[in-house]
Amino acid sequence: MKPAVGKVVRGEGIMSLPREFLYAGAKSVLMSFWKVDDEFTSRLMPQFYRFYLKKNIPTAKALTFAKRQVLTNEREPSKYHAQHPFFWASFALYGHPGSSRAAAAKAWLYLLAAAVMLTLAGVVLHKRRNVR
């Protein structure tokens with residue numbers, strides 16, 4: 001069975017391997033719709049993880065940037081530059097397009113700041129009531 005292909009179940013949709021990963025708790029799965037070229041994949045994956053992990057770019061954008069990088073890299077001319085999309089279009093993101101880890105950390109920081117401010121406001125109000 002190919003990763004992105006599965007059995008169609010009425011009322012559920014396509015039951016495929018990526019869907020099982022999502023049920024198990026993964027936020028998203030990078031998959032291919034057909035058998036992929038090994039050389040292209042060996043160029044794409046390091047770029048994808050460089051954008052996603054090192055530059056904190058959301059997963060969907062990281063995949064787009066990685067594909068563009070491999071297709072237009074002038075230092076390492078690629079046979080895929082002017083090739084048919086068959087070579088590079090098979091990769092897709094299944095699930096949540098994601099946000100960068102930096103954005104998630106910033107969101108937690110704002111949540112923590114709001115919690116501290118609410119706690120301080122509660123303490124001040126409590127002291128004001130007890131003073132009277």
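Phe48 and Tyr52 both belong to helix α2, 4 residues apart, or about one turn of the helix; helices here are DSSP runs of H or I with at least four residues, numbered from the N terminus. The model is predicted, with local features requiring pLDDT of at least 70 and side-chain atom pairs pLDDT 80 or more, while totals for chains, interfaces and linings use all residues. Residue numbers start from 1 along each chain as its sequence is written, and side-chain values use heavy atoms, leaving out hydrogens and water.

Rings of Phe, Tyr and Trp (its six-membered ring) are paired if their centres lie within 6.5 Å, as stacked with planes under 30 degrees apart, edge-to-face over 60 and tilted for the rest. The count by this rule is 4 aromatic pairs. Phe48 and Tyr49 make an edge-to-face pair, 5.0 Å centre to centre with 75° between the planes. Phe48 and Tyr52 are stacked, at 6.0 Å centre to centre and 10° between the planes.

Relative accessible area is classed as buried under 20%, exposed over 50% and partly exposed in between (1.4 Å probe, protein chains only). Phe48 counts as buried because its relative accessibility is 5%. Tyr49 is partly exposed at 42%, and Tyr52 is partly exposed at 22%.

## Charged side chains

Side chains of opposite charge can pair when their charged atoms come close. With a salt bridge defined as a side-chain nitrogen of Lys or Arg within 4 Å of a carboxyl oxygen of Asp or Glu, the count is 1. Arg43 bridges to Glu39, with the closest N and O atoms 3.4 Å apart. Both residues lie in helix α2, 4 residues apart. Arg43 is partly exposed at 21% relative accessibility, as is Glu39 at 34%.

The charged end of Arg50 sits over the ring of Phe51, 4.5 Å from its centre; the criterion is NZ of Lys or CZ of Arg within 6 Å of the ring centre and within 35 degrees of the ring normal.

## Loop residue Asn56

Asn56 is in the loop between α2 (38–54) and α3 (59–72). Asn56 has a positive phi of about 55°, although it is not a glycine. Its relative accessibility of 24% makes Asn56 partly exposed.

## Nonpolar surface patch

Leu112, Val116 and Leu120 form a nonpolar surface patch with about 290 Å² of accessible area together. Patch residues have over 30% relative accessible area and no salt bridge, with nonpolar side chains (Val, Leu, Ile, Met, Phe, Trp, Tyr) joined within 5 Å and like charges within 9 Å. Areas come from the Shrake-Rupley method with a 1.4 Å probe, and for residues only the protein chains shown count as cover. Leu112 lies in helix α4 (residues 101–131) and is exposed at 53% relative accessibility.

Terms used: Helix = DSSP H or I, 4+ residues; strand = E, 2+ residues; numbered from the N terminus.
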